[in-house]
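Have a look at the sequence and the 3D picture below. Then we'll walk through the fold together, one topic at a time.

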Amino acid sequence: MEGEHIRRYTDGKILIEINEQWCKGCGICVEFCPKKVLAMNPRGKPEVIDLESCTKCQLCDLRCPDFAITVEEGQDESILATGRRVEKKGGMGS
Ligand code: SF4
Ligand code: SF4
C-alpha cells in the first residue's frame, strides 16, 4: 500500500503531504522553507513542525527533486477528499 508511506498534515485549510518512500532526505525542502515549517526528523525525513506558519508559498513542493512533498489549499473535506493523486512516477517495472 503506497498510502502507508505518506504522512499528512492538515489544519483544514492546507494539506501538506510527505511521501517518505519517494523522499531521499536531501533536506532541500527544509532549507527552502522561509517559515521553518519543516524540519528533518531522526529518520532523515522532513516533518511538519509548524503548520500554522506555512504561507503556502509552495517552495518546498516546487523544489523537491522527487515530488515527495506537496502543498495543497482547500477546505476540510475537499482537500482531504481530493487528497493527492498518488501516482507512481516512472517506476522500475514491477
Ligand atoms: S509551502 Fe512554503 S511555507 Fe509552507 S512548508 Fe512549503 S516552503 Fe514552507
Ligand atoms: S526536498 Fe523532497 S526529497 Fe528532499 S528532503 Fe524534502 S521531501 Fe525529501
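**Quick briefing**

Let's start with one pair: isoleucine 6 has asparagine 19 as its bridge partner in S2. This is a predicted model, where local features need pLDDT of at least 70, side-chain atom pairs count only at pLDDT 80 or more, and totals for chains, interfaces and linings use all residues. Residues are numbered from 1 along each chain as its sequence is written, while chains are lettered from A and ligands numbered from 1 in the order in which they are written.

**Overall layout**

- You'll find 3 helices and 5 strands in the protein; helices (H or I, at least four residues) and strands (E, at least two) are DSSP runs, numbered from the N terminus.
- Going along the sequence, the pattern reads β-β-α-β-β-α-β-α.
- Of the 94 residues in the protein, 19% are buried (buried means that 20 or more other C-beta atoms lie within 10 Å of the residue's own, with C-beta atoms placed from the backbone).

**The hairpin and its sheet**

- Strand S1 (residues 6-10) and strand S2 (residues 14-19) run antiparallel and are joined by 5 bridges.
- Threonine 10 sits opposite leucine 15 in S2.
- The S1 and S2 hairpin has 3 residues between the strands, and glycine 12 takes a positive phi near 95 degrees there.
- S1-S2-S5 is the order of an open sheet of 3 strands with antiparallel pairing (two strands pair if DSSP finds at least two bridges between them).
- S1 and S5 are the edge strands, each pairing on one side only.

**The nonpolar core**

- The largest nonpolar core has 16 residues, and Ile16, Cys29, Leu38, Cys60 and Ile69 have the most contacts inside it. Such a core is a set of buried Ala, Val, Leu, Ile, Met, Phe, Trp, Tyr and Cys residues joined through C-beta atoms within 7 Å.
- S2 and strand S5 (69-73) each supply at least two residues of this core, and S2 gives the most, with 4 residues.
- Skipping neighbours within four places in sequence, cysteine 29 is in contact (C-beta atoms, placed from the backbone, within 7 Å) with Leu38, Pro46, Cys60, Arg63, Cys64 and Ile69.

**Around the ligands**

- Ligand 1 is surrounded by 13 residues, and the closest are Cys33, Val37, Cys54, Cys57 and Cys60; a residue belongs here if its C-beta atom, placed from the backbone, lies within 6 Å.
- Ligand 2 is surrounded by 13 residues too, the closest being Cys23, Cys26, Ile28, Cys29 and Cys64.

How values were computed
Buried ≥ 20, exposed ≤ 12 C-beta atoms within 10 Å, placed from the backbone. Contact = placed C-beta atoms within 7 Å.
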